[in-house]
Amino acid sequence: MKVLLDENLDHRLRRNLGVHEVFTASFLGWDGLKNGKLLAVAEVDGFDVLVTGDQTLALEQNLTGRRLAIVALSSVEWRIIKEYLPRIIEAIDGAGPGSFQAVDCGFFNRKTHRPD
């Protein structure tokens, strides 16, 4: 499958998605494109799946009739998502046109230090 990584994801993910042909939005010069426009240009360019960290994309965009599938990750932090690569690849492998899959791959939790 031809996979597009949204600009909010770490580029290291690109090299770790198995046999898929993976491009980043940044590499293609698509940084800053809003969700609707990004989905449209990705479809025209023949992408099958958009992988993003934007959990609300399915609520903001109507995916009915789309050829592009969306896989949304619960975290964008490489140190977290690298532990969930098999789950992410499985979601991409199972993605169908116009589908949305949320992949729970943990969350970044910044602990704050409170002075005594």
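**Reading a predicted model: strands, rings and overall form**

Q: Where do the side chains of strand β1 (residues 2-5) lie, and are they buried or exposed?

A: In a regular strand, side chains alternate between the two faces of the sheet. In this structure, which is a predicted model, strand β1 has both faces covered, with Lys2 and Leu4 on one side, Val3 and Leu5 on the other, and all of these residues buried.

Q: Which strands pair with β1, and in what sense?

A: Pairing is read from the bridges between two strands. Strand β2 (residues 21-24) pairs with β1 in the parallel sense over four bridges, and within this pairing Leu5 stands opposite Thr24. Strand β3 (residues 49-52) also pairs with β1 in the parallel sense, here over three bridges, and Val3 stands opposite Val49 of that strand.

Q: How many aromatic pairs are there, and how should I read one of them?

A: Two rings count as a pair when their centres lie within 6.5 Å, and planes over 60 degrees apart make the pair edge-to-face. By this rule the protein has three aromatic pairs.

Q: Why are Trp30 and Phe47 counted as buried?

A: A residue counts as buried when its relative accessible area is under 20%. Trp30 has a relative accessible area of 14% and is therefore buried, and Phe47, with 2%, is buried as well.

Q: What else involves the ring of Phe47?

A: Phe47 belongs to one aromatic cluster together with Phe23, Phe27 and Trp30. The charged end of Lys2, a residue of β1, sits over the ring of Phe47, 4.6 Å from its centre.

Q: How many helices and strands are there, and what pattern do they follow along the sequence?

A: The protein has four helices and five strands, and their order along the sequence is β-β-α-β-α-β-α-α-β.

Q: What radius of gyration does the protein have, and what would a compact globule have?

A: For 116 residues a compact globule would have a radius of gyration near 13 Å, and the protein, with 15 Å, agrees with this. The C-alpha trace spans about 55 × 30 × 25 Å along its principal axes, and 41% of the 116 residues count as buried.

Technical notes. Residues are numbered from 1 along each chain as its sequence is written. This is a predicted model: local features need pLDDT of at least 70, side-chain atom pairs count only at pLDDT 80 or more; totals for chains, interfaces and linings use all residues. Side-chain values use heavy atoms; hydrogens and water are left out. Buried means under 20% relative accessible area, exposed over 50%, partly exposed in between (1.4 Å probe, protein chains only). Helices (H or I, at least four residues) and strands (E, at least two) are DSSP runs, numbered from the N terminus. Rings of Phe, Tyr and Trp (its six-membered ring) pair if their centres lie within 6.5 Å; planes under 30 degrees apart count as stacked, over 60 as edge-to-face and the rest as tilted. A charge sits over a ring if NZ of Lys or CZ of Arg is within 6 Å of the ring centre and within 35 degrees of the ring normal. The radius of gyration is taken over C-alpha atoms; the globule rule is 2.2 Å times the number of residues to the power 0.38.
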